[in-house]
Amino acid sequence: MPQSFAAVHLHVVFSTRQREPLIGADLIDRLHDYLGAAVAGAGCVSLGVGGVADHVHLLIGLGR
């Protein structure tokens with residue numbers, strides 16, 4: 001029986017207003033954990049969360 005495979009990955013970038021370095025070192029780990037949990041809560045897979053003081057990257061795998 002033939003099978004099909006589909007994979008959709010999104011690279012999402014959030015930035016602070018005017019790229020100001022507002023995300024401090026004390027907040028960044030909590031923010032990454034929160035965003036990963038929000039993605040999982042939406043029924044998707046968080047493949048990667050990262051970033052620096054002025055932006056955050058998410059790599060999200062979408063389900064079928």
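Modeller: Let's start with a term: a polar contact is a pair of N or O atoms within 3.5 Å, where one must be able to donate a hydrogen and the other to accept it. Keep in mind that this is a predicted model.

Colleague: Happy to. Which side chains does the polar contact of 2.7 Å join?

Modeller: The side chains of D54 and H55. D54 sits in the loop between strand 2 (45-52) and strand 3.

Colleague: Is D54 buried or exposed?

Modeller: The cut-off for buried is under 20% relative accessible area. D54 has 19%, so D54 counts as buried. Leaving aside neighbours within four places in sequence, D54 is in contact with F14, S15, T16, R19, E20 and P21.

Colleague: How many bridges pair strand 2 with strand 3?

Modeller: Seven, in the antiparallel sense. As one example, S46 has I60 of strand 3 as its bridge partner.

Colleague: Which residues make up the largest nonpolar core?

Modeller: There are seven: I23, I28, L35, V39, V56, L58 and I60. Helix 1 (25-41) and strand 3 (55-62) are the elements that each give two or more of them. Take L58: beyond four places in sequence, its contacts include L35 and V39.

How values were computed
Residues numbered from 1 in each chain as written. Predicted model: local features only at pLDDT ≥ 70, side-chain atom pairs only at ≥ 80, totals over all residues. Heavy atoms only, no water. Core = buried A, V, L, I, M, F, W, Y, C linked by side-chain atoms within 4.5 Å. Buried < 20%, exposed > 50% of the residue type's maximum accessible area, 1.4 Å probe, protein only. Helix = DSSP H or I, 4+ residues; strand = E, 2+ residues; numbered from the N terminus. Contact = heavy atoms within 4.5 Å. Pairing = 2+ DSSP bridges.
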